Amino acid sequence: MNFTRQLDLLQPEKIPSITIIGVGGIGSLLTVGLAKMGASRIMVYDFDTISEHNLPNQWYNINDIGRLKVDALHDVVIQQTGIEIHTVGEKWDNGYQSDIIITAVDSMRARNRIFHQLLRSHSKSLLIDPRMGGLVGVVIPCYLDQDESISNYKMTLNR
């Protein structure tokens with residue numbers, strides 16, 4: 001695939017490794033978008049299967065109902081970009097370390113679990129936490145090697 005239109009923004013070979021935890025409304029679109037920009041080191045985790053109610057806001061087709069989200073997303077990314085993403089059809093377990101970890105999960109409880117696992121493992125990754133609901137969307141970064149960033153992120157987990 002030719003990524004020359006994005007070269008003013010980023011160079012595909014310089015895109016860091018990315019782990020996306022949860023490939024629903026945020027994660028599925030984000031994964032496809034990153035691959036279309038040339039990101040080739042993407043690992044996605046999700047244990048959920050596609051249901052009919054997922055179709056309006058996620059990057060899946062009616063023929064994908066019943067499939068694991070990560071398997072359907074793998075096929076979409078290959079078809080649209082030729083890029084091979086790595087998929088794990090289970091809960092994230094902190095076994096794979098990447099430069100950027102994106103928590104696109106659907107609960108604060110899951111965000112809390114992921115964040116504390118990363119802290120226990122002394123991860124130096126950049127944690128990016130996109131959240132949306134209704135008419136509100138926010139993206140919260142946390143540099144896991146900076147105490148002030150960690151403290152600021154912890155305050156967002158109580159909302």
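**A guided reading of the predicted chain**

The overall architecture comes next. The chain contains four helices and six strands. Followed along the sequence, these elements occur in the pattern β-α-β-α-β-β-α-β-β-α. The radius of gyration is 16 Å, close to the 15 Å given by the globule rule for 159 residues, so the chain is as compact as a globular protein of that length. Along the principal axes, the C-alpha trace spans about 45 × 35 × 35 Å.

Of the 159 residues in the chain, 47% are buried. When contacts between residues at least 6 apart in sequence are considered, 58% of them join residues at least 24 apart.

Strand S5 comprises residues 126-133 and strand S6 comprises residues 136-143; the two pair in the antiparallel sense over eight bridges. Within this pairing, Pro-130 stands opposite Val-139 in S6. S5 and S6 form a hairpin with two residues between them, and Gly-134 in the turn has a positive phi of about 60 degrees. As a general rule, side chains in a regular strand alternate between the two faces of the sheet.

Another strand, S3, covers residues 86-88 and includes Val-88. Which residues does Val-88 contact, leaving aside its neighbours within four places in sequence? They are Met-43, Val-44, Tyr-45, Asp-46 and Val-70. Val-88 and Met-43 illustrate how the fold brings together separate parts of the sequence: they are 45 residues apart in sequence, and their C-alpha atoms are 7.7 Å apart in space.

Lys-69 lies in helix H2, which spans residues 69-81. Is Lys-69 buried or exposed? A residue counts as buried when its relative accessible area is under 20%. The relative accessible area of Lys-69 is 4%, and Lys-69 is therefore buried. Not counting residues up to four places away in sequence, Lys-69 touches Val-23, Gly-24, Asp-46, Asp-48, Thr-49, Ile-50, Asn-54, Gln-58 and Tyr-60. Asp-46 is among the residues touched by Lys-69, and Asp-46 is also one of the contacts of Val-88.

Notes:
Residues are numbered from 1 along each chain as its sequence is written. This is a predicted model: local features need pLDDT of at least 70, side-chain atom pairs count only at pLDDT 80 or more; totals for chains, interfaces and linings use all residues. Side-chain values use heavy atoms; hydrogens and water are left out. The radius of gyration is taken over C-alpha atoms; the globule rule is 2.2 Å times the number of residues to the power 0.38. Buried means under 20% relative accessible area, exposed over 50%, partly exposed in between (1.4 Å probe, protein chains only). Contact means heavy atoms within 4.5 Å. Two strands pair if DSSP finds at least two bridges between them.
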